[in-house]
Amino acid sequence: MADYLKGIDSEWFRHRLSLAVLVALVAFVVIMGRLFHLQIIEGETYRMLSETNSIRLQTVEPQRGLIFDRNGELLVDNRPSFDVTVIPRDARPVPVTLHRLARYAGISFGELFTRMEKNNGNPSFKPVLLHADADRNILAAIEARRFDLPGVFIDVKTRRQYLHRASAAHLLGYLGEVNAAELKKKKYPDLRAGDLIGKCGVEKAYDAVLRGKRGRRQVEVDASGQVMRVIRQVDAVPGKNVFLTIDHRLQQLAETLLMDAAGAAVALDPRNGHVLVLASSPSFNPNAFVSRISNEDWQALVSNPQRPMENKAIQAEYPPASTYKIITAIAGLEEGAIDENTTFFCPGHYRFGNRSYRCWKKGGHGHMNVETALAESCDVFFYQVGQRLGVDRLAKWAMRFGFGAPTGIDLEHEAEGLIPTAVWKKEKTGIPWQKGETLSIAIGQGFNLVTPLQQAVMIAAVANGGVRYKPMLIQSIRSADGKEAVHLEKKHVDHIPLHPRTIEIIQKSLWNVVNTRKGTAWQSRVEGLHISGKTGTAQVIGRKENKTEDKDKKRLAKYKDHAWFVAYAPARDPEIAVAVIVEHGEHGSSAAAPIAKALIQYYLIPEGNAATPAAGRTGGIERH
Amino acid sequence: MFDRRLIENFNWGLLGLICFIGGFGLTVLYSSDTAGEAAARILFSKQLIWFGAGSVLMIACFLFNYKHLDRWAHFIYGACIVLLICVPLFGKYVGGARRWLALGPVSVQPSELAKLAVIIILSRYYSRVINAEGLTFRNLIPPMLYTLVPFVLILRQPDLGTAMLILIIAGMMTIFVKIERRTLLGIFSFGALSVPVVWYFLKGYQKQRILTFLDPDRDPLGTGYHIIQSKIAIGSGMMFGKGYLKGTQNALSFLPEQHTDFIFSVLAEEWGFIGASVMILLFFLLVVRGLHVAYGCREPFGTVLAVGLSAMLFSQIVINIAMVMGLMPVVGVPLPLVSYGGSSVASVMAAAGILLNISMRRFMVE
């Protein structure tokens, strides 16, 4: 390297460049040294490790959280299940191993081979599932012949177990394999193909809480792939346990009472919106979904005309019928259309326009005021109240009580029902509202549609004087070791502005429905228990004007009327509010009221009650 | 246009080194691309294309007089910053990070370009300010700003590796042009104090990587696992290696990121101590060649520029190899001409082109 004249700093530059070369040299020497250490000094060790490829990463599945009822009764559990798995690389030659496995375990070779074929293209050290949920005979056979089955091992997994078969099936939900669309959503970043997630019900709504977090571990395996020791482990975090607001015994009672019919029962605590019962009949057994449900069973469920997969408590919409008179009465009093002394005469019919609207009692009720009209469910009285109010004011009060919108309960597919207004009808059908239609609305027929849950929310608000709570399914969430607990607060949605006198009148009337001879639910009174309620009989006849796309409407059969009963008890400081519907039960008083009565009775006087729940006997299609 | 002298003074040695290293790198990449049952060799083919494009780029980089870079330094730097700002706005997500901009059929990583831009603008600045006693603190303020802006932008992509690389290269260049003693002391103190600030900006997994390096037991199942597998691969090569295409660690996909960060492990496993040493020697010669170009240059800009480019090559080589051997924390720094990656190949080839440029014009006085 000759010396050039570069300016004042040529010597200076050269000096610094020499230092730079020195630094580079040192760095490379260090690297060479390390290389030497790894490859020459420790070479043998590493060579051995690489040849046996003995270090593997495994995942540890977390335990899914359990589901309990409000009293700590276990509803959903996990049970161990055993999957026969193979690591192809350790099982060579693979066909020979599979043949042996088929012979020892009694599994068809074809099934095993098909599974292996499906796995082509995956790296050979990744485990392949051969036979899921193996029974003890298979397990015993494999364990005994382990030496002869290299690469084959038993993967212990947990599977979901719904302890009470079809009880609360819609509410609890079930698990299924995550599909491609769900994997894409950011909501589930930790998920992989083949994982199980909640598909409906609480299993879905609280999946993130129940799921827990996967753990991982580094293991050393021997030449045939069996784990020799665990080098390091990051524990899986078990999912949290969920305590529902549901009272399971009450729930089972409701399901037993509904057993032979299609219908629903909802019970709420009017003090905080806790859901005590959410029953829908007929039901299904979620255990059938734990291992893959067979096609026939699925078809049977889906084609059953009583629709067992539908949660009628929140998905089915029905006309509220006479139970709606509560709304009409409240609206009438609050809007000043009537007062407590207003009377109308019911001769059994009412002329309006060029039509005669009948009252259900052919001979008529005679002179009625709001109290007696509600107690005896006089149609004519309410036709006139409705006429004075008009459809929009009725709609306003209905919506105040939560009708026409979802309650927001933590479950999917909640229907919102329908509360018509003049604007709605014009937009929907192009025909303006006819005054005569208001009369039907006033008694809960016509376009009106409500869900049993909405009914329960309404009657709960009537019971506690006008406070509407959001229905709550979860009482608390606790960590698996029980150390941490989060208690969920009640959610106050609305305080409906009602005059104290209105509340008094309505509550008195509802008490009369059950406890006075002329009340429509006289048969369902209980000595000592102050039950208040209202019957309803919903017409099922299809209407020409209803041009909605609602599938539920089309499914309303042209048979007997549906039976409603909404109730709460005790009259003073109520603790439970109930809504029951029995499809095609005909009269609310004979079909629905006795169920509500039994539920209330059981809830308020648990000892010495008449109806005890029959364990596990519930309606619908079951398997196990 | 072409002065005879340019061809006479062409630095064939440097070009030869580039070719050798590139060729060796492609060979190793070919092997690493067979891992997994699907031997599609897509990556290898793509890398060939990158080499082709890179060669064109390299040639383009010595066709003009490098002194133009001095004139255009600010423009190049500015364009780079703009591109870096575009990344979080228009960039595409790949594996949880946004480092790429799609420009038509090609995706570019502005961070790779940023390395060159920073080197060029610092060279320009230092060549004017350089003096025998060393730079004062005031002298250092502009370079710090020049460096900090892309550093922060890249850090937030998040790309810890390239961000740190820029810092290191800038640091090396600065130390090379000498800092005044008391300022140097001040910088050290400041550096120590700024560690918590930088720490704050790091993403969770980046912090994990540094902590894991300092204490490998912290994450035995994530990064720690990668390093273990890498060391097994390297160590198992022993003296002569397992033979070409016979690396069991890589054939079973035990080595993650084997085409990019951990490609040296594949090399060491298959070619053994002999092969790996040869590679390291070639790299060393490359760096020395680069410094030699600096030595031969007669004016300050070219000298500092050559030093900066050599520092870039040096840093990437040393950091990558040290990382796969467990001597440094895992950061995504590609091994020049060996790791798969179009942008990396492009930036290294461009750097080589500029070095050739400086070298072949060393006798031309402006």
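Guide: Happy to. One term to start with: pLDDT is the predictor's confidence in each residue, from 0 to 100. We need it because this is a predicted model. In chain B the mean pLDDT is 82, and 85% of the residues reach 70 or more.

Visitor: Which elements of chain B have the lowest and the highest mean pLDDT?

Guide: Helix H11 of chain B, residues 248-251, has the lowest mean, 51. The highest, 93, belongs to helix H13 of chain B, residues 300-324. As a reminder, where pLDDT is low, the predicted coordinates should not be read in detail.

Visitor: And what ipTM and pTM does the complex get?

Guide: The predictor gives an ipTM of 0.87 and a pTM of 0.63.

Visitor: OK, chain B's make-up. How many helices and strands?

Guide: Chain B has 14 helices and three strands. It counts 366 residues, and 53% of them are buried. Take the contacts in chain B between residues at least 6 apart in sequence: 72% join residues at least 24 apart.

Visitor: Let's pick one helix, H3 of chain B. What span should it have?

Guide: Helix H3 of chain B covers residues 42-63, which is 22 residues, and at 1.5 Å a residue it should span 32 Å. Its end C-alpha atoms are 32 Å apart, so the two agree.

Visitor: Which residues of H3(B) are buried?

Guide: Gln47(B), Trp50(B), Phe51(B), Gly54(B), Met58(B), Cys61(B) and Phe62(B). They cover an arc of only 110° around the axis, which puts them on the same side of H3(B).

Visitor: What do those buried residues pack against?

Guide: Two helices of chain B: H2 (12-32) and H14 (342-360).

Visitor: And which residues are exposed on the other side of H3(B)?

Guide: Among them are Ile42(B), Ser45(B), Ile49(B) and Leu63(B). Gly52(B), Ile59(B) and Ala60(B) are exposed there too.

Visitor: Switching to chain A. In what order do the three strands of the open sheet run?

Guide: The order is E1-E8-E9 in chain A, with antiparallel pairing. Strands E1 (55-60) and E9 (227-234) of chain A stand at the edges, each with a single partner strand, so one side of each has no neighbour in the sheet. From one strand to the next, the twist averages 30°.

Visitor: How many bridges are there between E8 and E9 of chain A?

Guide: Six, in the antiparallel sense, with E8 of chain A being residues 215-221.

Visitor: Which residue in E9(A) is the bridge partner of Arg216(A)?

Guide: That is Val234(A).

Technical notes
Residues are numbered from 1 along each chain as its sequence is written. Chains are lettered from A and ligands numbered from 1 in the order in which they are written. This is a predicted model: local features need pLDDT of at least 70, side-chain atom pairs count only at pLDDT 80 or more; totals for chains, interfaces and linings use all residues. Helices (H or I, at least four residues) and strands (E, at least two) are DSSP runs, numbered from the N terminus. The expected span of a helix is 1.5 Å times one less than its number of residues. A residue is buried if 20 or more other C-beta atoms lie within 10 Å of its own, exposed if 12 or fewer, and partly exposed in between; C-beta atoms are placed from the backbone. The arc is that of the directions from the helix axis to the C-beta atoms. Two residues are in contact if their C-beta atoms, placed from the backbone, lie within 7 Å. Two strands pair if DSSP finds at least two bridges between them. Axes are lines fitted to C-alpha atoms, for helices over the stretch in contact, and angles run from 0 to 180 degrees between N-to-C directions.
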